Structure formats: C-alpha cells, structure tokens
Amino acid sequence: MNPVLIGYGETSVGESLDYRYEELNMWATQEALRDVDLEPDDIDGLIATAPFRTERFPLPRLIEYLGIAPLNFAELTGVGGASHVNSINRAANAIENGQAETILIVAADALHSDIGPRTVIEELSDSVSEFEEPANIVPSLYAHVANWHLDTFGTTRKQLAKIAAIAHEHASLQRAERAHRQEAKSADEILDAPMVATPLTADQCALISDGGAAFIVTTEENAAEIDQVPVRLKGFGARHTHDHISQMPSFEETGAVKAGQQAMAEAAVSHADIDVLQIYDCFTITVLRILEDLGFCERGNGGDLVDSGALRLTGKWPLNTHGGALAQAHPGMPCGIFHITEAIRQLQGRAEAAQVEDASTALVHGNGGIFSTQAVAILERGERHAD
C-alpha cells in the first residue's frame with residue numbers, strides 16, 4: 001500500500017484575515033485539492049483539529065461544511081503541537097488497514113482575529129492547575145526549563161535569541177502571504193524585545209496568528225496518477241510522558257529522545273542523512289532542548305550548535321526554513337501543520353528562495369503541551385510518476 005504525502009495547501013497567514021474557523025479550513029482544503037487536481041469526492045478520510053474554543057461535535061460540522069461526506073474514516077487530533085506529525089502516522093495506518101484510501105489532514109483557526117492575543121493568554125492561564133499557579137502563563141512554564149539550561153550548562157541568553165533570529169531570517173525569504181512576520185532581526189534586537197517570562201522575550205515566544213494548512217495522504221498507486229513528487233513516511237516515533245510540568249519526569253530528557261530514536265531506526269537513517277529540520281518552536285528553549293534530545297549535539301551543547309551556523313539555510317541542518325511559529329505563523333493548535341507542509345515543499349523542490357539544495361530527507365517534530373507529547377517523523381522524497 002505504501003501511503004505517501006502528495007500535495008498541500010496553505011491559507012494566507014497573519015492578523016485579522018476576516019475568516020472564521022470553518023472558512024479557513026475550507027480555504028486550506030481547496031488549496032490542497034487544487035495542488036493535486038483532486039475533487040472533494042476523491043477524499044474518503046479526514047483528520048482535523050478542533051477550534052481553540054472547543055464546541056460540541058466540531059468534526060461532523062466541519063465534514064458537512066467542507067462538503068466531503070460521506071467518509072470512511074474521520075477523527076479529531078488532541079495532542080496540541082504534536083497533533084499533525086502524529087496525524088501522518090494515523091493516516092498511513094488507516095490507509096494500510098483499508099479504512100480509507102485518500103485522507104485529508106487539515107488544521108486552521110482564527111486565533112488572532114476571532115479570539116485575540118489578550119484573551120488567548122487569559123484562557124491559557126486559566127488552564128494552569130493550582131500547584132503551578134505561581135507560573136501562571138504558558139511562557140513561564142517553558143522559562144523554567146530555559147533557566148535550568150542556562151544555569152546548568154552555561155548556555156547564554158544570546159544563544160537562545162539566535163534561534164529566533166534564524167526563524168526571522170528564514171521567514172523573510174517567504175512570499176508575503178506566507179509569513180506573519182517578514183523582517184529579519186538580529187539576536188540583539190530579539191533580546192531587546194519586551195520580557196515575557198525571564199529569560200524569554202516576546203520575540204522568543206510563538207506568534208498569535210490566523211491561518212491554516214492542509215495536506216493529502218494517499219496510496220502510492222493513486223499518487224502515480226498525480227503530477228507531484230510523492231513524499232514517503234520512512235519512520236515515526238512518539239512518546240507521551242506527562243501533562244503538568246511538575247510531573248515532567250526530568251528536565252534532562254524529554255520524550256523526544258525515544259521518539260527520535262524510534263523514528264530514525266525505523267527509517268534506517270543517521271543524523272548525517274537529514275537535509276532539513278522542522279522542529280516545533282513554540283519557544284526558543286523548545287528548539288534547543290529538542291535538538292539535544294534528538295541527538296544533533298550532546299546534552300548541554302545546544303548553544304554551541306546554534307553558534308556554529310549549522311541551523312541556517314546554508315548550514316548542515318537548515319532549521320524551520322519557513323520561519324516556524326516564532327516568525328511564520330502560530331494559529332494555535334494548527335501551528336505544527338506548517339512544519340509538515342514546509343517539509344513537503346522542500347522535498348518537492350518548491351521552496352523558492354528558502355529551498356535547500358538537493359533536499360531528499362526531512363525530520364519533522366511536534367511538541368504538545370509543556371514538553372508533554374513528542375512526535376517525530378522522517379520523510380523522504382520519492383519519484384514522480386505522472387509525466
């Protein structure tokens with residue numbers, strides 16, 4: 001059966017697009033279908049993401065709105081920023097098991113214009129439990145890990161800021177409609193931004209955006225009829241370890257260690273084989289910790305890896321070549337799907353000014369909760385058939 005990722009679509013991203021949740025999902029879906037010349041009737045499976053404010057029965061409502069019923073397979077994701085990497089594996093399994101043949105994975109929301117930054121922060125604060133109230137906003141929970149890393153390994157605030165500088169540099173290479181922020185910023189400028197939760201400044205925290213994306217997983221046989229380069233799922237791994245940060249087994253090791261080892265072993269690849277890195281980047285410290293846990297450097301040496309230039313577009317492991325959640329877009333739950341559509345774009349050779357030369361293997365990572373759920377997929381460029 002060999003399921004493959006074959007096409008993708010994205011909405012514009014930014015602030016106040018004047019589109020609601022359903023409309024953004026429709027926009028992304030239509031773009032994905034157009035990309036591979038398919039019709040709604042060709043879709044028989046769906047994996048979607050609920051809106052930020054979950055309502056009753058959002059999945060049937062979305063299926064009806066998208067006009068893709070009847071479906072053989074449909075589900076909502078629920079592991080935050082790890083949802084969409086996890087969805088690749090869910091879709092592949094559903095196709096291999098005969099539950100569906102062509103699955104649409106879509107995620108979009110109007111986090112900025114429908115809800116607004118202040119309300120998002122207030123509602124996320126309400127979700128923090130009583131024993132974690134002293135750190136009552138999400139950035140402060142990640143700041144715990146950042147301060148531990150700075151104190152334990154001597155990592156500097158500027159090394160963290162350089163991760164955001166790389167994100168802004170890569171976002172500046174995107175088309176205007178594809179990036180919420182397009183201005184390049186230096187590490188010093190990022191350090192000068194307002195402090196949110198020491199040591200994380202505003203530019204080291206994910207944006208609050210509108211937008212979304214979709215991609216299609218189908219059989220290799222179906223993909224052979226489509227004029228696009230298929231992208232194969234070569235390996236996958238996931239770990240679910242905790243909810244509250246007080247219950248995190250250890251700051252020294254996230255679930256990404258085992259998830260990454262599992263994915264790379266299944267794909268039979270080494271770190272040297274990876275051409276593009278798409279690492280979930282809700283905060284700069286997330287990227288630093290995950291790079292270490294995935295083995296791209298020794299634990300504690302993430303700052304040196306950033307300084308080396310390896311994560312820039314011309315480096316050994318170009319990082320988040322679309323700009324990531326720090327600079328491209330973060331519409332809430334849908335955020336991680338952009339890391340996947342960018343990986344597809346890179347492997348299909350369609351990344352324009354941000355294209356990594358001869359990109360054939362990508363590692364895509366998702367992080368849900370407060371380092372709670374980790375998912376890793378290894379994607380590989382296939383051969384185009386429909387010529």
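Which residues have the most contacts inside the largest nonpolar core? In this predicted model, that core has 59 residues, and those with the most contacts inside it are Tyr142, Ile274, Leu277, Ile279, Phe296, Leu311 and Leu363. At least two residues of this core come from each of α6, α7, α8 (187-192), α10 (256-267), α11, α12 (302-307), α13 (324-327) and β11 (373-381).

Beyond its neighbours within four places in sequence, Tyr142 is in contact with Leu200, Cys282, Phe283, Ile285, Thr286, Asn367, Gly369, Ile370 and Phe371. Two of these partners, Phe283 and Phe371, return in the aromatic pairs, where ring pairs link them with Tyr142 into a cluster.

The count of aromatic pairs comes to six. One of them joins Tyr142 and Phe283 in a tilted arrangement, with 4.6 Å from centre to centre and 35 degrees between the planes. This pair links distant parts of the chain: Tyr142 lies in helix α6 (residues 138-153), whereas Phe283 lies in the loop between β9 (276-278) and α11 (284-293), 141 residues apart. Phe283 also counts as buried, because its relative accessibility is 6%. The rings of Trp148 and Phe153 make an edge-to-face pair, because their planes stand at 90 degrees, with the centres 5.4 Å apart. Trp148 is buried, at a relative accessible area of 17%, while Phe153 counts as partly exposed at 30% relative accessibility.

Attention now turns to helix α7. Ile163 has its place in this helix (residues 157-171) and counts as buried at 2% relative accessibility. Apart from neighbours within four places in sequence, the contacts of Ile163 are with Thr284, Val287, Leu288, Val306 and Leu326. The C-alpha atoms of Ile163 and Pro199 are separated by 14 Å, the two residues being 36 apart along the chain.

Just after α14, Gly349 takes a positive phi of about 70 degrees.

How values were computed. Residues are numbered from 1 along each chain as its sequence is written. This is a predicted model: local features need pLDDT of at least 70, side-chain atom pairs count only at pLDDT 80 or more; totals for chains, interfaces and linings use all residues. Side-chain values use heavy atoms; hydrogens and water are left out. Helices (H or I, at least four residues) and strands (E, at least two) are DSSP runs, numbered from the N terminus. Buried means under 20% relative accessible area, exposed over 50%, partly exposed in between (1.4 Å probe, protein chains only). Contact means heavy atoms within 4.5 Å. Rings of Phe, Tyr and Trp (its six-membered ring) pair if their centres lie within 6.5 Å; planes under 30 degrees apart count as stacked, over 60 as edge-to-face and the rest as tilted. A nonpolar core is a set of buried Ala, Val, Leu, Ile, Met, Phe, Trp, Tyr and Cys residues joined through side-chain atoms within 4.5 Å.
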